[in-house]
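I opened this entry to keep track of what I looked up. The notes follow the order in which I went through the model.

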Amino acid sequence: MTPLATSVSGPRARLFACFLRLGTQQAGPLQLHTGASLAAKNHYEVLVLGGGSGGITMAARMKRRVGADNVAIVEPSERHFYQPIWTLVGAGAKQLSSSGRPTASVIPSGVEWIKARVVELNPDKNCIHTDTGKEISYKYLIIALGIQLDYEKIKGLPEGFDHPKIGSNYSVKTVEKTWKALQDFKEGNAIFTFPNTPVKCAGAPQKIMYLSEAYFRKTGKRSKANIIFNTSLGTIFGVKKYAAALQEIIRERNLTVNYKQNLIEVRADRQEAVFENLDKPGETQVISYEMLHVTPPMSSPDVLKTSPVADAVGWVDVDKETLQHKKYPNVFGIGDCTNLPTSKTAAAVAAQSGILDRTISLIMKNKKPTKKV
C-alpha cells in the first residue's frame, strides 16, 4: 500500500491544507473513567443523552458543577470513535484502529455510564426510557444524540456496500472500503457525492476527493481518472472567499463539479450511480463508476423526531444563544442533533459547550440565562 503524502506551498495551497485539517484537531484528554458502574440509580441531577463529543464534554463540565455521583451518560456503544480521522483512513493515511477506544475510557471518572439506548423522552414528566425497560428521571437533561446516517434512503444501499468499488467515510463499517476502492482503481470515473440534507462535517465529502486526486497523482493513475464531485448544493462552499479559492483548486486539478445533483440510487452490481437533477425534479442521469464515495443523507435521530423536544423537522429546538430548550427550561441541547445555525462539527461542539456550561450554571443559581456571552 502507498499511503497518501503530498506537499503544498503558496497562499492557495496553505488554505487548501488548512481546509483538509479542519475537524482533525482533537481536544485535550479528559480524566479517564475505568468502567461502567454495576448499579445505576433511577434519578440524576444531570442526565446526558449521548456519549459523543458533546455528551462527554458536557458530562465533564457537569461533574465539576454537581459532582460525579449526580451525573450519568446514556450511551449504548462499547466503542467511542473520533470520526474526523475517518477521512484520513479512507485516504490510506491513518489506520481505522487509531480512531476508536473503549467508551468506558472517555467517560469522566465517577460519572455513571448507563449502557442502553434511549427509546423515549418524556420532558413533561422529567424522565426518559431506555431499551432495557428502565425509566430514568432527572433534574436537568442535556441532549447530545448526534446525527443519524440514512443510507437506506438511497435505493440499493446499504446492501450495495457488499460490492467492491464503493465506500463511505461516514461509517466505521464502510470507511476502509474507500481506501480499498482507491487502491483498486484502474481507469474511469471516480465519483464523490454530497446529499440533499444537513450533514456533519460538510467539508469531508470534498476532502476525500482532494486526497484521492493527490493519491492518483502519486501513483501515476491521475491521467486515467475522471474525478467528479456531484453535489446537491448550488455552490462548492458556503463562505464566498473560501469558495473562490476552492474553485481555483478545482480548476487547477481538473476536477468536474456538477451542482444540484442528488444521489438517489446505486446499482452496485453494475457500478452505476443514479442522480436526480434538483432543478428539474424527476430528471435523472446514470453515471458509471470505477470508484464511488457516498456521503449519505442524514437526519435527526428517530427517537428525537417523534419527541416533544423536536422542532417541526425533528431537531432539538433550542435557543441559539443559550442552548436552552425553547419550551422546557430544564432541557438543553448541544451538537449535531440541535437546530442551531452552525456547522455540525466537533469544532462547533467545543464552542457550544462553554455557552451551555454558562447557561446551566446560571439556571442552577435560579438566574435567567443571558443572551450574550
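**Entry 1: L323.** I began in the loop between α7 (302-305) and β19, where L323 sits. The model is a predicted one, and I read every value below with that in mind. I looked up the backbone of L323 and found a positive phi of about 70°, although the residue is not a glycine. I noted for comparison that most residues other than glycine have a negative phi. Is L323 buried or exposed? L323 counts as buried because its relative accessibility is 1%, and the cut-off for buried is under 20%.

**Entry 2: N254.** I then looked for another residue of this kind and stopped at N254, whose phi is near 60°, a positive value in a residue other than glycine. I located N254 in the loop between α6 (240-252) and β13 (256-258). Its relative accessible area is 59%, so N254 is exposed; the cut-off for that is over 50%.

**Entry 3: the whole chain.** I stepped back to the totals. I count 8 helices and 19 strands in the chain. Of its 373 residues, 53% are buried. The chain exposes about 17100 Å², and carbon and sulfur atoms supply 50% of that area. I also checked contacts between residues at least 6 apart in sequence: 67% of them join residues at least 24 apart.

**Entry 4: strand β8.** Which strands pair with β8 (residues 135-143)? I found β1 (residues 43-49), parallel to β8 over 6 bridges. In this pair, L47 stands opposite L141 of β8. I found β19 (residues 331-333) too, also parallel to β8, over 3 bridges. Here I142 has F332 in β19 as its bridge partner. Strand β7 (residues 127-130) runs antiparallel to β8, and 3 bridges join the two. I128 is paired with I136 of β8. The hairpin of β7 and β8 has 4 residues between the strands, and G133 in it takes a positive phi near 85°.

**Entry 5: helix α8.** I checked the length of α8 (residues 346-364) against its residue count. At 1.5 Å a residue, its 19 residues should span 27 Å, and the end C-alpha atoms are 26 Å apart, so the two values agree. I still noted a kink of about 25° in α8, centred on Q352. Q352 is among the buried residues of the helix, which also include A348, V349, L356 and I360.

**Entry 6: S168.** I placed S168 in the loop between β10 (166-167) and α4 (175-184). S168 counts as buried because its relative accessibility is 0%. A polar atom of the S168 side chain lies 2.6 Å from the backbone oxygen of V294. Leaving out residues up to four places away in sequence, I listed what S168 touches: V294 is one of these residues, and others include Y151, F161, T178, H293 and P296.

**Entry 7: P158.** I ended in the loop between β9 (148-149) and β10, which holds P158. The peptide bond that joins L157 and P158 is cis, with omega about 5°. I noted beside it that most peptide bonds are trans.

How values were computed: Residues are numbered from 1 along each chain as its sequence is written. This is a predicted model: local features need pLDDT of at least 70, side-chain atom pairs count only at pLDDT 80 or more; totals for chains, interfaces and linings use all residues. Side-chain values use heavy atoms; hydrogens and water are left out. Buried means under 20% relative accessible area, exposed over 50%, partly exposed in between (1.4 Å probe, protein chains only). Contact means heavy atoms within 4.5 Å. Accessible areas come from the Shrake-Rupley method with a 1.4 Å probe; for residues, only the protein chains shown count as cover. Two strands pair if DSSP finds at least two bridges between them. The expected span of a helix is 1.5 Å times one less than its number of residues. The bend at a residue is the angle between axes fitted to the seven residues ending there and the seven starting there. A polar contact is a pair of N or O atoms within 3.5 Å; within protein, one must be able to donate a hydrogen and the other to accept it, and residues adjacent in sequence count only if both atoms are side-chain atoms.
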